[in-house]
Amino acid sequence: MTEDAVVDGPERNLELLTIGAFAARARLSPKALRLYDRLGLLAPAHVDGATGYRYYRAGQVERARLVAMLRQLDMPLARIAEVVEAGDGTAAAALLGRYWADVEARVAGQRTLAEYLRGRLSGRSSEMYEKFTVGTVEVPAQVVISEKRHTLADELPAWIGAALGRLEEAARECGGVAGVPYVAYHAEVSMESDGPAEACVPVADERAARAWAERHGRAWETVVRVEPARRLAYTRITKAQVAHPQILAAFEAVEEWMAARGLTAAGPCRELYFADWEAAGPGDPVCDVAFPVS
């Protein structure tokens, strides 16, 4: 069989390339092409029923090269399939753009984590803490609607987003959101310790909040309470710095600042989320990490 072949069957009278010839033209290996076929990313134009030989059209070269380049970006196979099947070039470009934004956010978080770990391993924790600007702020008494859960660190981001979303939706029936939503930690949350953590949203109408909790609160163990006025020692961090465990450096910086001034914690530490998380980039400030102090 020659490299350029004419085959019988559905592809009769259509010039096809053997897998070896097509691989050379696409600058890929036959092994890669077999993998793409098995994964449903690039099927041969024809498979000989008797021999099992694969044949490709010359017009499939561009798709083969696209798949290979997307794999070089470490794109998951499911997302590669979405891009190559998008059909419209603009739609495919948008899918690639969303994937790369996710990559950049992950790398920014990893960069921050590497800096945090280098500081700890080299004994330069004090230098690391100096990168954070710490101050205090007075917070008035607030009515909050809250939801508490035991959760490990890897489950925490998804739970925070879901819990604050539920509570902000409830706040619409309780006079609206009346302050910065936050998450309080009543015990350590890590890969070994599950808290609990408490998502809290300040609301304007205490009576409406208690009525809402009576009607709907049991499903998520939602409670309403009056949070007393507090003084918070805090530092502001970016979206990339929120990831665990690098966020610990921010909490440690606040604790060191408190100790240097003779201040003690007067309640559970917390994260106050004041920005639009979805719209924020890795370097945008999104959160204050804080301790109530006395």
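Tutor: Buried means under 20% relative accessible area. Keep that cut-off in mind for this predicted model.

Student: How many of the eight residues of strand E6 are buried?

Tutor: E6 covers residues 142-149. The strand is mostly covered. The number of buried residues is six.

Student: Which strands pair with E6, and in which sense, parallel or antiparallel?

Tutor: Strands of a sheet pair through backbone hydrogen bonds, either parallel or antiparallel. Seven bridges join E6 to E8, residues 197-203. Six bridges join E6 to E9, residues 222-227.

Student: Which residue of E9 stands opposite Glu147?

Tutor: Ser146 stands opposite Val223 in E9. Glu147 faces another residue of E9. That residue is Thr222.

Student: And what is the bridge partner of Val143 in E8?

Tutor: Now turn to the E8 side. Val143 has its bridge partner in that strand. The partner is Val203.

Student: Which strands stand at the edges of the sheet?

Tutor: The sheet is open and has eight strands, paired antiparallel. Their order is E5-E10-E12-E11-E7-E8-E6-E9. An edge strand has a single partner, so one side is left without a neighbour in the sheet. The edge strands are E5 and E9.

Student: What is the average twist from one strand to the next?

Tutor: Follow the sheet strand by strand. The average twist between one and the next is 30°.

Student: Which helices lie on this sheet, and at what angles?

Tutor: Helix H7, residues 156-171, lies across E6, E7, E8, E9 and E11. H7 runs at about 25° to E8. Helix H8, residues 206-216, touches E6, E8 and E9. The direction of H8 makes an angle with that of E9 of about 160°.

Student: How many disulfides are there, and why does Cys200 form no bond?

Tutor: A disulfide is a covalent bond between the sulfur atoms of two cysteines. The cut-off is 2.5 Å between the sulfurs. For Cys200, the closest cysteine sulfur is 12 Å away, in Cys269, so a bond is ruled out by distance. The number of disulfides in the whole structure is zero.

Student: How far is the sulfur of Cys287 from the closest cysteine sulfur?

Tutor: Cys287 is buried, with a relative accessible area of 0%. The closest cysteine sulfur belongs to Cys269. That is too far for a bond, because the gap is 11 Å.

Student: Which element gives the most residues to the lining of the largest pocket?

Tutor: The largest pocket holds about 1,300 Å³ of space. It is lined by 45 residues, and the closest to its centre are Ile160, Val242, Glu271, Tyr273 and Trp277. Elements giving two or more residues to the lining are H5, H7, H9 and E11. With seven residues, the top contributor is H7.

Student: Pro292 is in strand E12. Is Pro292 buried or exposed?

Tutor: E12 spans residues 285-292. The relative accessible area of Pro292 is 1%. The cut-off is under 20%, so Pro292 is buried.

Student: How far apart in space are Pro292 and Pro268?

Tutor: In sequence they are 24 residues apart. Yet Pro292 touches Pro268, along with others including Arg230, Leu232 and Arg270. From C-alpha to C-alpha, the distance is 7.1 Å.

Definitions and conventions: Residues numbered from 1 in each chain as written. Predicted model: local features only at pLDDT ≥ 70, side-chain atom pairs only at ≥ 80, totals over all residues. Heavy atoms only, no water. Buried < 20%, exposed > 50% of the residue type's maximum accessible area, 1.4 Å probe, protein only. Helix = DSSP H or I, 4+ residues; strand = E, 2+ residues; numbered from the N terminus. Pairing = 2+ DSSP bridges. Axes fitted to C-alpha atoms, helices over the stretch in contact; angles between N-to-C directions. Contact = heavy atoms within 4.5 Å. 1 Å grid on protein atoms, 1.4 Å probe; cavity = no way out; pocket = protein on both sides within 12 Å on 5 of 7 lines; lining within 4 Å. Points joined across faces, edges and corners; volume = space filled by probe spheres on them. Lists of a residue's contacts leave out its neighbours within four places in sequence.
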